[in-house]
Amino acid sequence: MNQIDEAHKKEVHYGKIEDRFLEILFLKKGIYEIEVADQVFELCENDLCLVPPAACFSVFGLAGGVDHGMIGFSFPRQVIAERLYPLFQGNRVVADFFAACLYEEGFSSCLRFTIGTNEKMRELLEIMGREQVSQDRYSGEILIDLLQILLHMLLRVCPDTAVYLPDSPIQKESAEIIRRISADYANITLKSLAAEMGYSVGYCSRYIKQVTGRNFADILANIRFKAAEHLLADTDTCLCDISCSLGYKNPENFFRSFKKKYGITPGQYRERERTA
């Protein structure tokens, strides 16, 4: 990676304070650096970067008039849960990323694509930029629709350019495990997951522990809690129906385990989030 001279750097973007937003960054021109997970990576012209909600990051660009070289968009975590993850579950390139965004604690790896000289995607990003500026009553929904189109185009034109920042085989394997479990968190068992992956139950258990550092039961419980957070904060689904949808046969077991983890009941959590 070519290092940018520290004396000529200019900070143009700070990381998020609240872990509630997916950010899309597109570099129209210039060279930037993104610092994420205590590592620095170079972003070049025509790079598009998806930054997960839990990531703390900073972006630096060359001083001297590059402020308009990068455009960015922010989407609430709810958009991932309701509009993106369900739509792209059939494509591992982005499904693994979105599953990790939703269900992996502290997930901070960005997903970078390079769109090259594809004018249609550049035009679409320009349209998104103008839509973001207009900020009328329709802008939010239109931006989500345009984002879905953009992601489809990325998968059509340049799926092979996708790379995690930081990138590692373990990161990819961990994201795949999270996706597989989250796809059927209400019903999945270690036995069914092992069969799906073509492993014995014993090997599957050891593999999960080796890759993620956690056992199957802990991962499943965390995924269910993350799903509960979304359902409580962003929907009006009744508590008993939430419990059932998460795979709990007895709502009391859900209420008890939720309070043990969060220190408050599901109803109190919902009230707190609604008044925050």
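Predicted model: local features only at pLDDT ≥ 70, side-chain atom pairs only at ≥ 80, totals over all residues.
Local features here need pLDDT of at least 70 and side-chain atom pairs count only at pLDDT 80 or more, while totals for chains, interfaces and linings use all residues. Residues are numbered from 1 along each chain as its sequence is written, and side-chain values use heavy atoms, with hydrogens and water left out.

**The sheet**

- An open, antiparallel sheet is built from 5 strands in the order E7-E2-E5-E8-E9; strands (E, at least two residues) and helices (H or I, at least four) are DSSP runs numbered from the N terminus, and two strands pair if DSSP finds at least two bridges between them.
- Strand E7 (70-76) and strand E9 (163-165) are the edges: each has a single partner strand, so one side of each lacks a neighbour in the sheet.
- On average, neighbouring strands are turned by 25° against each other, direction ignored; axes are lines fitted to C-alpha atoms (for helices, over the stretch in contact), and angles run from 0 to 180 degrees between N-to-C directions.

**Strand by strand**

- Strand E2 (residues 21-27) is joined to E7 by 7 bridges in antiparallel fashion, with Phe26 bridging to Ile71 in E7.
- E5 and E8 share 4 antiparallel bridges, and Cys49 stands opposite Arg112 in E8.
- E8 and E9 are linked by 3 bridges, again antiparallel.
- Strand E8 (residues 110-114) is largely enclosed by the rest of the structure, because 4 of its 5 residues are buried; buried means under 20% relative accessible area, exposed over 50% and partly exposed in between, with a 1.4 Å probe and protein chains only.

**Helices on the sheet**

- Helix H1 (residues 77-88) lies across E2 and E7, at about 75° to E7.
- Helix H3 (residues 119-134) packs on the sheet and touches E2, strand E5 (47-51) and E7, its direction making about 65° with that of E7; contact means heavy atoms within 4.5 Å.

**The second largest pocket**

- This pocket has a volume of about 240 Å³, taken as the space filled by probe spheres set on grid points joined across faces, edges and corners.
- A pocket is an open set of points on a 1 Å grid over the protein atoms alone, where a 1.4 Å probe fits, with protein on both sides within 12 Å along at least five of seven lines; lining residues have an atom within 4 Å of a point.
- Helix H2 (92-103), E9 and helix H5 (169-182) each give two or more residues to the lining, and H5 gives the largest share, 4 residues.
- Among the lining residues are Arg92, Leu111, Val163 and Glu176.
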